[in-house]
Amino acid sequence: MRTYLASAAVLASIVSTSAVAHPLDGLSAEEYQQINKILREQKIVDDTTLFPLIELDEPAKADVLKWKDGDTLDRKASVQFTSPDGFREALVNISQGTVESNEAIKGQPMVLFTEFMGALQGALADPRMVDGLAKRGLKPEQAFCLPLTAGNFFTEEFENSRLMKVPCYHVPEGSNFYAKPIEGLFAVYDIGKKTVVNVIDTGAVDLPGDNWGYTEEEVAARTPLREKTNKVTLQQDGGANYKITGSHLEWDIWRLNFRVDKRPGLVVSNLDVKDGKDWRSVIYQAHLSEVFVPYMDPTEGWYWRTYMDSGEYGFGLFLSPLTAGIDCPTHATFLPATIADDQGNPLVIPNAICIFERSNGDPAWRHFEVFAQTPEKPLPAEGRPATELVIRTASEVGNYDYLIDYRLQQNGQVNIYVGATGLDAVKGVASKSMKDPTAKADTQHGTLIAPNLVAANHDHYFNFRIDFDVDQPINHFSTMDIVPAKLDDKSPRKSMWTVEHKMPHSELEARYKISSMQPRYFMVSDPSREGYLGHEGGYMIHHGDVSYGPFDFTNDPPMKRNAYIEYSVWNTVYDPKQRYTGGKYAMQSDGSDTLAEWVKADKPLMGKDIVTWFSAGFHHIPRMEDWPVMSTEWKTVHIMPHNFFAHNPALTIRNN
């Protein structure tokens with residue numbers, strides 16, 4: 001886990017430019033300091049208080065939609081904090097300098113950095129861990145331990161506790177902290193009580209012998225590097241075509257606001273598209289709702305590895321600085337993110353966001369007309385170059401790195417991309433090759449990716465909360481299903497398909513799995529606006545990368561806590577309190593406050609403000625090519641207009 005301390009000069013600069021330009025702006029450094037001051041003046045917190053999460057408490061949507069430059073709305077924050085009698089949550093009115101509520105929390109907030117470090121140090125200090133290391137010929141100073149959330153398996157040990165499990169690795173000699181797992185030994189640590197509950201030792205496994213570093217120097221020492229080549233770069237002449245004013249961004253036919261929150265990371269709000277001379281609303285707000293990574297190894301040291309990376313750890317907290325020329329083009333605009341640290345003070349992460357335009361050489365559209373050609377005057381294809389705008393962040397959560405992109409297209413489409421890279425989670429085994437007698441047992445739940453290293457099978461699920469407001473908040477949700485067409489018996493054709501429009505009437509009806517064997521598109525439209533040619537125009541989720549597992553969502557605790565992965569598409573009536581599909585408090589949650597439970601109210605959708613939830617995901621069967629560092633695997637949510645525009649919006653691109 002990393003933290004970044006802002007220098008006095010940087011912090012002063014942020015504070016001096018912290019005037020709020022929009023009601024959905026992220027909390028500024030100055031506001032975090034003001035929150036701390038208000039709570040101290042009311043004697044609600046003191047120097048010992050820690051803050052798992054401070055988030056903007058957004059104004060009512062109706063007030064935000066009526067807001068204009070110069071208007072004022074009270075700025076408020078939801079503040080979770082420690083107290084002698086447990087965790088509490090206060091609603092702080094920053095504008096008025098008051099505390100509007102202060103209540104005990106029914107659940108457990110995300111892990112504090114202080115708790116994380118306490119678990120790391122506490123585990124290594126326990127005599128049972130020291131003995132376990134000694135059995136393996138190691139001293140505590142030779143071990144690097146990684147506290148991991150333990151989930152909740154609804155047993156006695158998870159009652160009145162706040163547990164992490166702490167496996168360890170041999171301190172690396174090079175860049176790879178995960179190359180030498182100390183297998184079969186881990187501590188169970190209660191971060192609430194600050195004590196080691198238990199130490200599990202299932203037997204020593206010899207340490208892998210290879211450091212498996214991934215820096216260029218380490219790779220060159222292992223195998224020859226490729227021949228030097230001419231560098232291929234993205235560049236932009238004449239400066240950016242986008243304008244950033246505070247949190248407001250305008251580019252081509254798009255405008256939006258953005259911020260970073262500690263839990264979801266990047267939040268995009270008020271995404272509008274220009275149709276001719278008119279700005280039209282598409283999405284009120286979109287952000288990552290939860291990330292679920294369950295491992296498929298049932299052994300003692302692995303069955304509990306069922307992480308909720310956003311709700312337990314925080315995608316905003318783990319934002320890592322982006323590097324020009326690697327993470328983003330050198331011409332990108334790099335921006336910091338400001339969140340709160342454990343003490344509630346502003347924490348600035350430099351270069352946490354990059355924004356850039358790029359063309360990958362593809363046409364936005366083209367047509368070559370063969371019938372227009374003559375020997376005297378051959379005509380080239382008519383077409384336009386495609387450019388896209390990318391807003392990118394990267395969060396390092398343990399061994400994995402996740403890039404989150406919002407990519408805006410000149411044809412009115414929006415693509416949300418998730419890029420998974422980093423390192424596989426590995427376990428130490430006896431096998432050095434698949435010819436060894438232990439290989440079959442060692443690889444029962446994963447792949448031997450290097451001598452003495454198995455990477456366990458696992459999944460990655462990314463749920464996004466997408467609050468479409470197509471032209472206005474009250475929208476229709478419907479599906480366009482591809483179904484067999486009814487043909488006349490006399491027709492020479494015996495099979496065709498047609499489109500069947502269906503509209504679910506309630507939340508339980510509006511859950512969907514995506515399959516190429518049952519093709520359908522998911523449409524959000526404005527029933528009050530007559531579109532071009534009389535269509536009810538809107539936006540649709542065209543497709544995305546999805547995966548399903550043979551899970552028991554009733555009896556398997558991790559799946560009950562994350563039952564939203566049973567369907568890829570869900571729809572609910574807008575509720576500002578329903579922001580995170582895995583529940584407000586993910587740490588040791590019991591599954592009672594989740595999307596799968598909310599929809600049991602089965603609220604009617606007709607004539608309502610509807611929120612759509614989409615889960616992109618993939619099964620990860622590890623391979624040798626993943627090691628020692630994985631290639632970036634991109635997964636998508638594809639959003640596109642459907643009868644929203646009068647013609648192809650990319651028609652008006654200039655042929656530069």
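**Aromatic pairs**

Across the whole structure, a search finds 22 aromatic pairs. Rings of Phe, Tyr and Trp (its six-membered ring) pair if their centres lie within 6.5 Å; planes under 30 degrees apart count as stacked, over 60 as edge-to-face and the rest as tilted. One of the pairs is edge-to-face and joins tyrosine 402 to phenylalanine 462, with 5.4 Å centre to centre and 75 degrees between the planes. This pair links distant parts of the chain, 60 residues apart: tyrosine 402 is in strand β21 (residues 400-409) and phenylalanine 462 in strand β26 (residues 458-468). Strands (E, at least two residues) are DSSP runs, numbered from the N terminus.

Because tyrosine 539 lies in strand β30 (residues 538-544) and phenylalanine 644 in the segment after β33 (630-642), the pair ties together parts 105 residues apart in sequence. Both tyrosine 539 and phenylalanine 644 are buried.

One aromatic cluster is formed by Phe144, Tyr169, Phe177 and Tyr178.

The model is predicted: local features need pLDDT of at least 70, side-chain atom pairs count only at pLDDT 80 or more, and totals for chains, interfaces and linings use all residues. Residues are numbered from 1 along each chain as its sequence is written, and side-chain values use heavy atoms, with hydrogens and water left out.

Definitions and conventions: Helices (H or I, at least four residues) and strands (E, at least two) are DSSP runs, numbered from the N terminus. Buried means under 20% relative accessible area, exposed over 50%, partly exposed in between (1.4 Å probe, protein chains only).
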